[in-house]
Amino acid sequence: MIKILFVSVCATSAFSLSGCVVMSPSPIVEAANLLGSAISGVSSMTPATPQNPIVFAHAPIKEICIEWNGAVALSDFVPSLQSELQRHGVPSRVYDAGTQPGSCSMTLAYAAFVKWDMKTFSNAYTPYLTFASVTLRKEGRVVGSASYKMGAIAQDKWSSTGSKLGPVVDALLISNPVVEATNSVGASNVFGGS
């Protein structure tokens, strides 16, 4: 009887008011919905932790050359990787596989898996990063390796590529602390890549 009265009052009010909120008669259901939304929102903002990082001691890195991997079909992968390297004050440049420049002793190779899905309230498919592996070499010898793997409940599915790669780069560049970006004349140059 109470439910019928509530719906009747709400329906009558809908004609005279600009809006009507219909809530579940169970506060427990409403609390569970609110808690689920809050947990989902907070977990999507937390940075991912790198999977299986292995890093050997090395001197601070002055420059890295990134080996281009054309199999990674994510247009913002390399720019995001370069941006994360720049956060540590490390300029980078990109070279084609097999054409490593002789002047670059530190190289970085990567592999990644991408999936496609539709975002909420969208009718277009969008790619997102599900896995990335990054290997750092000095003169051909591995000095570090770390990877990103999307969480089991995909809480970070739509997080930016940079936020997914950030912890991986942080783990690899332990000898280079994060530096603040400056736009001054004396700021280090970033070698662009394609």
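## Nonpolar core

The largest nonpolar core comprises 29 residues, and I64 and F77 are those with the most contacts inside it; such a core is a set of buried Ala, Val, Leu, Ile, Met, Phe, Trp, Tyr and Cys residues joined through side-chain atoms within 4.5 Å. Here buried means under 20% relative accessible area, exposed means over 50%, and partly exposed lies in between, with a 1.4 Å probe and protein chains only. At least two residues of this core come from each of β2 (64-67), α3 (77-87), β4 (106-118), β5 (125-138), β6 (141-149) and α4 (161-172), and β5 supplies the largest share, five residues.

Not counting residues up to four places away in sequence, I64 touches L85, V90, P91, S92, R93, C104, M106, T107, L108, L136 and L173, where contact means heavy atoms within 4.5 Å.

## Basis of the model

This is a predicted model, in which local features need pLDDT of at least 70 and side-chain atom pairs count only at pLDDT 80 or more, while totals for chains, interfaces and linings use all residues. Residues are numbered from 1 along each chain as its sequence is written, and side-chain values use heavy atoms, with hydrogens and water left out.

## Chain organisation

The chain has four helices and six strands, arranged from the N terminus on as α-α-β-β-α-β-β-β-β-α; helices (H or I, at least four residues) and strands (E, at least two) are DSSP runs, numbered from the N terminus. Of the contacts between residues at least 6 apart in sequence, 68% join residues at least 24 apart.

Buried residues account for 32% of the 194 residues in the chain. The chain exposes about 12200 Å², of which carbon and sulfur atoms supply 62%, as computed by the Shrake-Rupley method with a 1.4 Å probe, only the protein chains shown counting as cover for residues.

## S80 in helix α3

Helix α3 contains S80, which is buried because its relative accessible area is 12%. With neighbours within four places in sequence left aside, S80 is in contact with T161, G162 and L165.

## Aromatic pairs

Three aromatic pairs occur in the structure; rings of Phe, Tyr and Trp (its six-membered ring) pair if their centres lie within 6.5 Å, and planes under 30 degrees apart count as stacked, over 60 as edge-to-face and the rest as tilted. Y128 and W158 form an edge-to-face pair, 5.1 Å centre to centre with 65° between the planes.

This pair links distant parts of the chain, since Y128 lies in strand β5 and W158 in the loop between β6 and α4, 30 residues apart. Y128 counts as buried because its relative accessibility is 9%, whereas W158, at 33% relative accessibility, counts as partly exposed.
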